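Here is a short report on a protein model with more than one part to look at. Keep the sequence and the 3D view open as you read.

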Amino acid sequence: MTDIAVEVRGLTKSYGNVNALAGIDLQIGHGEVFALLGPNGAGKTTTVEILEGYRHRDGGEVAVLGLDPGRQRARLKKHIGIVLQSTGVDRFLTVAETIAMYSGYYPRPRPVDEVIEVVGLTEKRNSRVVKLSGGQQRRLDVAIALCGDPQLLFLDEPTTGFDPSARHEAWDVVRNLATLGKTVLLTTHYMDEAQHLADRVAVIAAGRIVAEGTPATLAGRDTARARVRYRLPGGVVPPADLGEPPDPDGFVEFAPEDLARALHSLTGWAIEHAIALDELQILRPSLEDVYLELTGAATEAVTAPGVRPPAARSPQ
Amino acid sequence: MNAPALTLTQMRYVNKAFWRNPVSAFFTFAFPLMFLVIFTALLGRDTIVVGGREVDLSTYYVAAMVSFSVITATYNNIATSLTFQRDLGVLKRTNGTPLPTGVYLAARVFHALLVSLLLVAITVAFGTVFYDSEVPTGATLARLLAMLMIGAASFCALGFAVTAVIPNADAAAPIVNATILPLLFLSGIFIPIGDNAPDWLTWTARIFPVKPFADGVQAGFLGTAFHWSDALVVGAWGIFGLIMAARYFSWEPRT
């Protein structure tokens, strides 16, 4: 077996005359947690559902664990676990019954209690699904996806609509999966989620991958020039090489070519003039800044006159 | 696990969920028995002429409620529960597992058949103990069982088919009732229809599957003539339902 869990080349899909996917390329290694980031209607779910075998692609090559989800779906199903956007569990069965039922569908299931333990539902094993909280139901979703001991897990927007504590619960579970050596493909539109969980991130907008990298280096955010921001007391003006005259609130912001030298001369100047340098900050573009810039540009490109935005007919 | 064993296991879970859901247990199970008691209490002393024979209405209602319970346990039960499962995403999830779809659907059909059988047995026992209706024997019994099986299978198929026009779970009960209630009335399930019914009514009802099914069941209890053409009409509707279901059944929520 190769090191590649998921390989996608030139994937296209349209709904009617709307191009939902306009040529997607992806490569996910075994054991990697990969996040597909993008706004609603960008094509995240379409991409994932093609990989899962729910939808047929129009063009391109797709190999999931070496299998074609379009033609070898039955074989593929035994090796993947799927967590869909909506939780779909029979409400009148208990947690343990639900896991036992789904385990029965797979050739080599994990032991029921072990699966329940991994998602932290041991105390709820005899509760009916209808009695679980939203976060607990989502953990049950993940548990069901784990029943067959899959090599690859799909998590489609695992925490959308969650309160903060439920989100952290779900994140813990995903991190647990990573330690089990599972390959995880998750979609999300939350930056912090991608940053917390993913080894690698791809940003999808208007049916294309517009950037790919680790959360720390995406779109060159690690090498982007840092900006220095500080506040001066009223009436004080900094030297010319340390920024423009302050704004009405006393803030100065500038992007030095050499950060170390700039800080050195800034602090030197401040000590000399006994200035406290309130609220001194070094700013780099956040993942969110990068994301907004990337998706904003891509969305503008397709909303140009005469072109319909794909969001108008998203399959979600 | 092989397919029959898997179907049996799956049926056990369907059964557990069925009895724990107060709505399905009540409407499928308690309703026909409740109707039997109410109708018989109201009208049970009267008689009606059916197929040239005068019969007690209490006996008439035992046969009618047997038909009614089979229809609710199959058509209503399958259409409503599958729409709920579809909207909850259970169907889509199941479709993403290695469980063969045929096994999943077969488990639901066999469960519906078992519930029907149980209901029929209870209704008949009830009728025998309280209303002195007779339990059919011999060839009559064999024909009755054949009719019940053909009917149950056909109404299951129609239950699958109708989910295609049910947009969401909220619409399930109204649409199921809108399609079945007029036929139940037209076919003499609730209000007895005997030989003196207007022709147009009888013939309209005969086009649809409820009347031929109810007539076939009646033959088992009232000693009226049994027509295999009735079984044919019911079976044809079943095949029509199956074709529609195969073509339009959806594993994913429609909205």
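## A buried helix in chain A

In α1(A), the buried residues are A:K44, A:T45, A:T46, A:T47, A:V48, A:E49, A:I50, A:L51 and A:E52. Buried means under 20% relative accessible area, exposed means over 50%, and partly exposed lies in between (1.4 Å probe, protein chains only). Helix α1 of chain A covers residues 44-52, and nine of its nine residues are buried, so the rest of the structure largely encloses it. Just after α1(A) comes A:G53, with a positive phi of about 95°. Helices (H or I, at least four residues) and strands (E, at least two) are DSSP runs, numbered from the N terminus.

This is a predicted model: local features need pLDDT of at least 70, side-chain atom pairs count only at pLDDT 80 or more, and totals for chains, interfaces and linings use all residues. Residues are numbered from 1 along each chain as its sequence is written, chains are lettered from A and ligands numbered from 1 in the order in which they are written, and side-chain values use heavy atoms, leaving out hydrogens and water.

## Chain A as a whole

Chain A holds nine helices and twelve strands. Its C-alpha trace spans about 75 × 50 × 35 Å along its principal axes. Of the 316 residues in chain A, 48% are buried.

The domain assignment (bounds from an automatic or database source) gives chain A domain 1 (4-220) and domain 2 (227-283). The C-alpha centres of these two domains lie 47 Å apart.

Contact means heavy atoms within 4.5 Å. Take the contacts in chain A between residues at least 6 apart in sequence: 68% of them join residues at least 24 apart.

## One residue up close

A:V8 sits in strand β1 (residues 4-15) of chain A. Is A:V8 buried or exposed? A:V8 is buried, with a relative accessible area of 1%. Beyond its neighbours within four places in sequence, A:V8 is in contact with A:I24, A:D25, A:L26, A:L51, A:E61 and A:V62. One of these, A:L51, is among the buried residues of α1(A).

## A helix covered by both chains

Helix α3 of chain A (residues 95-103) is mostly covered, with eight of its nine residues buried. They are A:V95, A:A96, A:E97, A:T98, A:I99, A:M101, A:Y102 and A:S103. What covers them? The cover includes α4 (112-118) and α5 (134-146) of chain A, together with α1 and α4 of chain B.

## Where the chains meet

At the interface, 23 residues of chain B are in contact with 27 residues of chain A. The two chains bury about 2,400 Å² between them, 53% of it on carbon and sulfur atoms. Buried area is the accessible area (1.4 Å probe) that two parts lose on being put together, summed over both.

The rule finds five salt bridges across this interface. A salt bridge needs a side-chain nitrogen of Lys or Arg within 4 Å of a carboxyl oxygen of Asp or Glu. The side chains of A:E97 and B:K16 form a salt bridge, at 3.4 Å from N to O.

On the side of chain B that touches chain A, the elements giving two or more residues are α1 (3-20), α3 (57-88) and α4 (90-95) of chain B. α1(B) gives the most, with six residues.
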